[in-house]
Amino acid sequence: MMSSFMYLMLTIMVLVSIAFFTLLERKILGYCQVRKGPNKVGALGIFQPFSDAIKLFSKEMNFMFYMNIYLHILSPILSILMMLLLWMIFYYKSEMTNLNLSVILFLCISSMSSYSILWGGWSSNSKYSLIGSYRGFAQVISYEVSMAMMLISLSIMWQSFNIKDMIMIQNNFMMIMSFSFLFLIWVIICLAETNRTPFDLSEGESELVSGFNIEYGSWLFAIIFISEYGMIMALSILTNYLFFGLYLKMNLFLFLIMMIMVLIRGTYVRYRYDKLMMMAWKVILPQTIIIFFLTFFLFFLFSSSFCINFWTSKSEESSGSEFFKLKSF
C-alpha cells in the first residue's frame, strides 16, 4: 500500500516537473537566441506552463473522416503510460520499490514506447504523418539495439541488473572517471531515442510539417509532448545512476544532464536522415558490440586467469545488507 502511494506521489511530482522543464527549455533557448523567452504570465513567466496546459486541454479536437479514431487516441495514451511506467526504476533509499531487474524493465518499456510513434502516424491516414512515423520508428529501433548492448555491457561490469547495486558500486568511484567514452556514446543514443535535436528527424518541420503528430491537436497533442519530456527526464536520471551513481546529489546532476540536452538543442543543427542511420549502424552499433565483447572477455577471462573474484555475492555467505564485497583468494 505504501509503495503504491509513493509511486503515485512520484507520478504527480514528475508531471509537475515536466511542466517547469518546458519553461526552463524555453527560457534557455530564448537566451541562446538573445531574447527573453516567456516572461508575461506571472513573475518571470513562472505560470506559463499552466497557461499552455489550460489552452491545450480546452481546445477543440478535430477528427478526419478516414482516420482510425480508436488507434489515434490510444497511441498518445500508450506513450504517456510507458513514460510513467519507466519511472518505476526510480531508486528509493528505503528500498520501497527496489526491483532486481531494473535494467531489463527499462529495456522492455522503452522498446514498447516506440510503437506509439508508428501507430500515431499510421492511424492519422496522412502521407506526411505516415512518412514521419516510419522515419521515427526506424530511428528509435536502430538506436534501441545499441542502447541494449550498452546496458548489458555495463551490467556485466556490475554483475547485476539492479539500480541499487549500480549506486553502491559507485560510492567511491564513478564510472564516468574511467569510461568517459561510454558516456559520450550513451548521450548520443539518448538524444536519438528521445527524438531530440540534432536527431529530431521524426518531427522535422522543414520537410514533414511537424512529422508523425501533424494530425494531433488539443489534449492528445499535449499528452505526446508530456511523454516526450518525461522520457528525457527518465533517461537523465538513468544516466546519473549509470555513470555518476550519486544519490544525495542526484537532483543536481539530473538538472545538469537536462541542461546539457537543452543546450545541445540550442547549439547544433539537424542531421540529415541518411547520415543519422549510417551513424547508427556503421559507427555506434559496431562500437557498442566491441565494448560488449571486450567487457565480457576482460571481466571473465582476465579475472579468472589471475584467480581474483572481484565481485562476490554477499548473499552466498550471509544475508547482510551489502550486496558486493571485494575479495581475493
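Trainee: How many cavities of 30 Å³ or more are there in here?
Mentor: The count comes to 2. A cavity here is a set of points, on a 1 Å grid over the protein atoms alone, where a 1.4 Å probe fits but cannot get out. Grid points are joined across faces, edges and corners, and a volume is the space filled by probe spheres set on the points.

Trainee: Before we go on, what kind of model is this?
Mentor: It's a predicted model, where local features need pLDDT of at least 70 and side-chain atom pairs count only at pLDDT 80 or more, while totals for chains, interfaces and linings use all residues. Residues are numbered from 1 along each chain as its sequence is written, and side-chain values use heavy atoms, with hydrogens and water left out.

Trainee: Okay, how much space lies in the largest cavity?
Mentor: About 330 Å³. Its lining has 22 residues, and the closest to the centre are Ser79, Ser113, Ile117, Asn195 and Met231. A lining residue has an atom within 4 Å of a point.

Trainee: Which elements give two or more residues to that lining?
Mentor: Those are α3 (69-86), α4 (102-113), α5 (115-123), α6 (127-158) and α10 (218-244). The largest share comes from α10, with 5 residues. Helices (H or I, at least four residues) and strands (E, at least two) are DSSP runs, numbered from the N terminus.

Trainee: And how does the lining of the largest cavity split by class?
Mentor: There are 10 nonpolar, 9 polar and 3 charged residues. Ala, Val, Leu, Ile, Met, Phe, Trp, Tyr, Cys and Pro count as nonpolar, Asp, Glu, Lys and Arg as charged, and the others, Gly among them, as polar.

Trainee: What about the second largest cavity, what's its volume?
Mentor: About 40 Å³. Residues including Met88, Phe90, Tyr91, Leu99 and Asn162 line it, and the lining has 6 nonpolar, 4 polar and no charged residues.

Trainee: Switching to open spaces: how much space lies in the largest pocket?
Mentor: About 970 Å³. A pocket is an open set of points with protein on both sides within 12 Å along at least five of seven lines. This one is lined by 36 residues, with Thr22, Leu56, Phe221, Phe225 and Tyr229 nearest its centre.

Trainee: Which helix gives the most to the pocket lining?
Mentor: That's α1, with 8 residues. At least two residues each come from α1 (2-32), α2 (48-57) and α10. By class, the pocket lining divides into 16 nonpolar, 7 polar and 13 charged.

Trainee: Back to α4, how far does it reach?
Mentor: Its 12 residues reach 17 Å from the first C-alpha to the last, close to the 16 Å expected at 1.5 Å a residue. The expected span is 1.5 Å times one less than the number of residues.

Trainee: Which residues of α4 are buried?
Mentor: Ser102, Val103, Phe106, Leu107, Ile109, Ser110 and Ser113. Buried means under 20% relative accessible area, exposed over 50%, and partly exposed in between (1.4 Å probe, protein chains only). An α-helix has 3.6 residues a turn, so residues three or four places apart point the same way.

Trainee: What do those buried α4 residues pack against?
Mentor: They pack against α3, α5, α6, α7 (163-169) and α10, with contact meaning heavy atoms within 4.5 Å.

Trainee: New topic: how many salt bridges are there?
Mentor: 5, by the rule used here. That rule is a side-chain nitrogen of Lys or Arg within 4 Å of a carboxyl oxygen of Asp or Glu. One of them joins Glu25 and Arg196, with the closest N and O atoms 2.5 Å apart. Glu25 sits in helix α1 and Arg196 in the loop between α8 (180-193) and α9 (205-208), 171 residues apart.

Trainee: Are Glu25 and Arg196 buried or exposed?
Mentor: Glu25 is buried at 2% relative accessible area, and Arg196 is buried at 3%. Glu25, Arg196 and Arg265 are linked in a network of salt bridges.

Trainee: And which residue does Asp200 form a salt bridge with?
Mentor: Arg270, at 3.0 Å between the closest N and O atoms. Asp200 is buried at 9%, while Arg270 is partly exposed at 30%.

Trainee: Last one: how many helices and strands does the protein have?
Mentor: 12 helices and 2 strands. Buried residues make up 47% of its 329 residues.
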